[in-house]
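Please open the model in your viewer and keep the selection tool ready. The tour below moves from one selection to the next and says what is found at each stop.

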Amino acid sequence: MEIPMREIGRVHANRGYSVALSEEFAEGLTALSGFSHVMVIWYANGAPAWDATRLTMDKPYRGASDRMGVFATRSPVRPNGICVSIAEVSTIDEKKGIVKLRWIDAEDGTPVLDIKPYYHCSEYARDAKYPEWCADWPTCLEDSATFAWDKVFLF
């Protein structure tokens, strides 16, 4: 089945972080101000091409299992390369179609597929549980920006 999608903008991450929407989508930011965070759905265009034989991979994180399935990781190397980031909004320019962010874990030039407001009632799970190997990871988005991820990732 073909699933049509279109790029609505790009991540800019060279001097600060932002999502710049294509002009035709700028109006879609109407009334987004007031939300402190957004979900940015983006396409991992810089990731290696998907290889169907890579449903599992060798230990991608320190302390993790020796083999992990792609769906147990946040690797951008996935069957569809679709990624989701929660990002704190700094400012929104509805006229220019720009959402400035405090930080996002996407590279400069990354295609953006969608932006959604972050709702605490549906994006936060109070009783979420995690495997022991990632128990020391940051407990909030704000701490992720300064966390030493290079000490965790093995790729």
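Select strand β3 (residues 37-43) together with strand β8 (residues 111-117): the two run antiparallel and are joined by five bridges. Strands here are DSSP runs of E with at least two residues, numbered from the N terminus, and two strands pair if DSSP finds at least two bridges between them. Within this pairing, Trp42 stands opposite Val112 in β8.

The model is predicted: local features need pLDDT of at least 70 and side-chain atom pairs pLDDT 80 or more, while totals for chains, interfaces and linings use all residues. Residues are numbered from 1 along each chain as its sequence is written, and side-chain values use heavy atoms, without hydrogens and water.

Next, select Tyr61, Trp133, Trp137, Phe147, Trp149 and Phe153, which form one aromatic cluster. The structure holds eight aromatic pairs; rings of Phe, Tyr and Trp (its six-membered ring) pair if their centres lie within 6.5 Å. Trp133 and Trp137 are edge-to-face (planes over 60 degrees apart), because their planes stand at 80 degrees, with centres 5.6 Å apart. Trp149 and Phe153 are stacked (under 30 degrees; the rest are tilted), because their planes stand at 15 degrees, with centres 5.5 Å apart. Finally, Phe153 counts as partly exposed, at 29% relative accessibility.

Technical notes
Buried means under 20% relative accessible area, exposed over 50%, partly exposed in between (1.4 Å probe, protein chains only). Helices (H or I, at least four residues) and strands (E, at least two) are DSSP runs, numbered from the N terminus.
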